[in-house]
Amino acid sequence: MRAFKHISPKENAKVAKVFPHAHGYEWEEVGIYTAYPVSLWDKWAHEITDNVDDLLWGVTKEEEARRERCTINLSKEIVSSFSIYKYNERRKCFKRLASLEQLLEDIERQEYLPGDIFIPEIRAIYREGHDYTAWFFMEDESALDAVKNMVKRSGLKFIGSQNT
């Protein structure tokens, strides 16, 4: 079973109204979203050390697994807590979550949540990065309240001033 399925034109129009710039990743260019990165640390790795590679990858297998678990847990909590959508570039339409159970299994198996997740309820886009960093892109800072406790429970921190 696939985790996401196509939706009706009416539902697609409703989601597209919230995210009118989804096609072609235009939302990254239009300047209406503010990026809120989260990571293992409350600073960028290069602000912590000059040896970024060692900080990120020079750890034991156990520590690497613990770190991966943090981002996996955040992704799983996000997809479990909101109505989520993905954008299909080829068909130029949104797809809705069809099976939470399948998506949670996929995240565990892949140890990663690929692609951008559109969250209409809080007008946010969530993206998991590759270096223990994930991103929330939001039109309005007030939506941060909806995810702050999730970030904290996962063991991650906002980079910068959003940690309060």
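Author: The expected span of a helix is 1.5 Å times one less than its number of residues. The model discussed here is predicted.

Reader: How far apart are the end C-alpha atoms of α4?

Author: Helix α4 has 21 residues. At 1.5 Å a residue, α4 should span 30 Å. The model agrees, with the end C-alpha atoms of α4 apart by 30 Å.

Reader: Which residues of α4 are buried?

Author: Buried means under 20% relative accessible area. An α-helix has 3.6 residues a turn, so residues three or four places apart point the same way. In α4 the buried residues are Arg 67, Cys 70, Thr 71, Ile 72, Leu 74, Ser 75, Ile 78 and Val 79.

Reader: Which element gives the most to the largest nonpolar core?

Author: The largest nonpolar core has 36 residues. Elements that each supply at least two residues include β2 (34–39), α5 (100–110), β7 (133–138) and α6 (145–154). With 5 residues, the element that gives the most to this core is α4.

Reader: What is Leu 74 in contact with, leaving aside its neighbours within four places in sequence?

Author: Leu 74 is a buried residue of α4. Leu 74 is also among the residues with the most contacts inside the largest core, as are Tyr 126 and Phe 136. Beyond its sequence neighbours within four places, Leu 74 is in contact with Val 38, Tyr 126, Ala 134, Phe 136, Met 150, Val 151, Ser 154 and Leu 156.

Reader: Which residue in β6 stands opposite Phe 118?

Author: Strands β5 and β6 (residues 124–128) run antiparallel, joined by 4 bridges. They form a hairpin with 4 residues between them. Opposite Phe 118 stands Ile 125.

Reader: What is the phi of Arg 123?

Author: Most residues other than glycine have a negative phi. Arg 123 lies in the loop between β5 and β6. Arg 123 is partly exposed, with a relative accessible area of 36%. Its phi is positive, near 50°.

Reader: Where is Lys 92 found?

Author: Lys 92 is a residue other than glycine with a positive phi, near 55°. Its place is the loop between β3 (85–88) and β4 (93–97).

Notes: Residues are numbered from 1 along each chain as its sequence is written. This is a predicted model: local features need pLDDT of at least 70, side-chain atom pairs count only at pLDDT 80 or more; totals for chains, interfaces and linings use all residues. Side-chain values use heavy atoms; hydrogens and water are left out. Two strands pair if DSSP finds at least two bridges between them. A nonpolar core is a set of buried Ala, Val, Leu, Ile, Met, Phe, Trp, Tyr and Cys residues joined through side-chain atoms within 4.5 Å. Buried means under 20% relative accessible area, exposed over 50%, partly exposed in between (1.4 Å probe, protein chains only). Contact means heavy atoms within 4.5 Å.
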